[in-house]
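This report looks at the pockets of one protein model and at the residues that line them. Please keep the sequence and the 3D view at hand while reading.

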Amino acid sequence: MNKEEIIVTQSNNEEIKVEEKLEDITGITCIYVPVSDVYQAIEWYETNLGCKFAGDKTKPNMTGGFLDFPDQNGNVQEAGIRQVVPTLFLHKSDEEGGRLRFTMPEDNGKPHAVACFITPRIQELFERFKKNGVNILGERMTCGPNITFADPDGNVWEVWQP
């Protein structure tokens, strides 16, 4: 069991040590995404989802690359105990290795997303997707607007605005 020691100062300035149990899981640091061409996929994710490449520069024939989601000021959150938005780690993978998607009987064989991103500006994102020719698989109003889409390799994602 993970525990963290916290020192609490009481009103009489006496310090006491308290043990606090830490959660077993506190976030997701990375999602591994299989793609056929890492170089082209980086450009697609940067253009359509606003990701930022975490390396010096991209180059053809890359076999992997990290993409982060910057905040409104362009800053990237440092990885830590509470990772709010995971890094996407693109890996070169053959199609036979599979892609991020599955089907459910109630979806009549349509590909289902493996993860759902959150956005405060879904209409703006939807317009960007249409302008850039993103493969939009569906739109719903489940607890707020929701768009299901696929990257060029067929990895299926959702984006939702609460």
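## The second largest pocket

In this predicted model, the lining of the second largest pocket draws at least two residues from each of two strands, E8 (111-112) and E10 (135-141). Strand E10 makes the greatest contribution to this lining, giving four residues. The volume of the second largest pocket is about 170 Å³.

Which residues line the second largest pocket? They are Asp107, Lys110, Pro111, His112, Ala113, Leu137, Gly138, Glu139, Arg140, Thr148 and Glu158. When these lining residues are sorted by class, five of them are charged, while three are nonpolar and three are polar.

## The largest pocket

The largest pocket has a volume of about 820 Å³. Its lining is made up of 26 residues, and those closest to the centre of the pocket are Leu49, Phe69, Pro70, Val85 and Ile118. Among the elements that take part, strand E9 (116-118) and helix H2 (122-132) each provide at least two lining residues. By class, the lining of the largest pocket holds 14 nonpolar residues, together with seven polar and five charged ones.

## Where the largest pocket lies

Key
Residues are numbered from 1 along each chain as its sequence is written. This is a predicted model: local features need pLDDT of at least 70, side-chain atom pairs count only at pLDDT 80 or more; totals for chains, interfaces and linings use all residues. Side-chain values use heavy atoms; hydrogens and water are left out. On a 1 Å grid over the protein atoms alone, a cavity is a set of points where a 1.4 Å probe fits but cannot get out, and a pocket is an open set with protein on both sides within 12 Å along at least five of seven lines; lining residues have an atom within 4 Å of a point. Grid points are joined across faces, edges and corners, and a volume is the space filled by probe spheres set on the points. Ala, Val, Leu, Ile, Met, Phe, Trp, Tyr, Cys and Pro count as nonpolar, Asp, Glu, Lys and Arg as charged, and the others, Gly among them, as polar.
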